[in-house]
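Colleague: I have just opened this one and would like to go through it slowly with you. Could you keep the terms plain as we go?

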Amino acid sequence: MVGLERKHSADYQPCENFSQAHELALMHPISILAALKIGKVKLADTVDVGDGIYICKGDTIKDHNWHRGGYGKITIKQGLASSSDIAVYKAMETAFNGYTQAYYDQLKDMGINNLDTPLQILTTYNSIANNKNNQANIDSLKQALEYVVTDGLGQPAKSDKVQIAGETGIVQLEDGSYIVEFCGYFPANAPQDSIIVSIHKQELPASGGIDGR
């Protein structure tokens, strides 16, 4: 594990942020895996995320590109690649009637209990990479995570040396700052290593990508 923090220079110092609990941006694939397992959705299913703004039960969900008109009709696979909160939420509505107790019960049935810190998220992605969870649907999810890096917002993680699979996301904290994260594994077809990158930024990355573009 490498946990580093930039102070007032280019030097990096050890930090413990990866074991500290905060709201996480990388739950989308885990949520979709839960929905795939009960057979209520498929990655090829189409959802309409409209103009990137969705109001449900008094809450407003916004995709990162809402100010550019949203994605319209996309598949759930494309929703993962685009880090679309609306696409994933609509998939959860179909599968569990939203993020209800049935959803959390399904996570528990999959052996997923505590997902409060980056290291706990990394452990879950590592289990996906090693096919330790829900073999019947894991291959399709892994293909989608490859697609995130080859065609989606995870493209900054793409390498010409090794094929990488993973997910990227952003979450805004109560103080107005942002956590920008990427979690993945490589080589995608025969995983050897898994990694999580979690960057605390004061300004909003424009696209949702891990490089802040």
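Colleague: Which residues do ring pairs link into a cluster?

Modeller: Ring pairs link Tyr54, Tyr89, Phe96, Tyr99, Tyr103 and Tyr104 into a cluster. Before we go on, please keep in mind that this is a predicted model, in which local features need pLDDT of at least 70 and side-chain atom pairs count only at pLDDT 80 or more, while totals for chains, interfaces and linings use all residues. Residues are numbered from 1 along each chain as its sequence is written, and side-chain values use heavy atoms, with hydrogens and water left out.

Colleague: What counts as a pair of rings here?

Modeller: Rings of Phe, Tyr and Trp (for Trp, its six-membered ring) pair if their centres lie within 6.5 Å, and the pair is called stacked if the planes are under 30 degrees apart, edge-to-face if over 60, and tilted for the rest. By this rule the count comes to five aromatic pairs. One of them joins Phe96 and Tyr103 edge-to-face, with 5.7 Å from centre to centre and 70° between the planes.

Colleague: Are Phe96 and Tyr103 buried or exposed?

Modeller: Buried means under 20% relative accessible area, exposed means over 50%, and partly exposed is in between, using a 1.4 Å probe and protein chains only. Phe96 is buried because its relative accessible area is 7%, and Tyr103 is buried as well, with a value of 2%. Tyr103 also forms an edge-to-face pair with Tyr104, at 4.9 Å centre to centre and 75° between the planes, and Tyr104 counts as partly exposed at 45%.

Colleague: New topic: how many salt bridges does the structure hold?

Modeller: The structure holds three salt bridges, where a salt bridge is a side-chain nitrogen of Lys or Arg within 4 Å of a carboxyl oxygen of Asp or Glu. In one of them Lys37 meets Asp109, with the closest N and O atoms 3.2 Å apart. This pair links distant parts of the chain, since Lys37 belongs to helix α1 (residues 28-37) and Asp109 to helix α4 (residues 101-109), 72 residues apart. Helices (H or I, at least four residues) and strands (E, at least two) are DSSP runs, numbered from the N terminus.

Colleague: And how exposed are Lys37 and Asp109?

Modeller: Lys37 counts as partly exposed at 33% relative accessibility, whereas Asp109 is exposed, with a relative accessible area of 54%.

Colleague: Now the sheet: in what order do the three strands come?

Modeller: Three strands form an open sheet in the order β7-β8-β9, and the pairing is antiparallel; two strands pair if DSSP finds at least two bridges between them. The edge strands are β7 and β9 (193-201), each of which pairs on one side only. Strand β7 (residues 165-172) is mostly covered, with six of its eight residues buried.

Colleague: How many bridges join β7 to β8?

Modeller: Eight bridges join β7 to the antiparallel strand β8 (residues 178-186), and within that pairing Gly166 stands opposite Gly184, while Gln172 stands opposite Tyr178. The two strands form a hairpin with five residues between them, and Gly176 in the turn has a positive phi of about 90°.

Colleague: Last one: where does Asn65 sit, and which residues does Asn65 touch?

Modeller: Asn65 is in the loop between β5 (59-62) and β6 (73-75), and Asn65 counts as buried at 5% relative accessibility. Leaving aside residues up to four places away in sequence, Asn65 touches Gly70 and Tyr71, where contact means heavy atoms within 4.5 Å.
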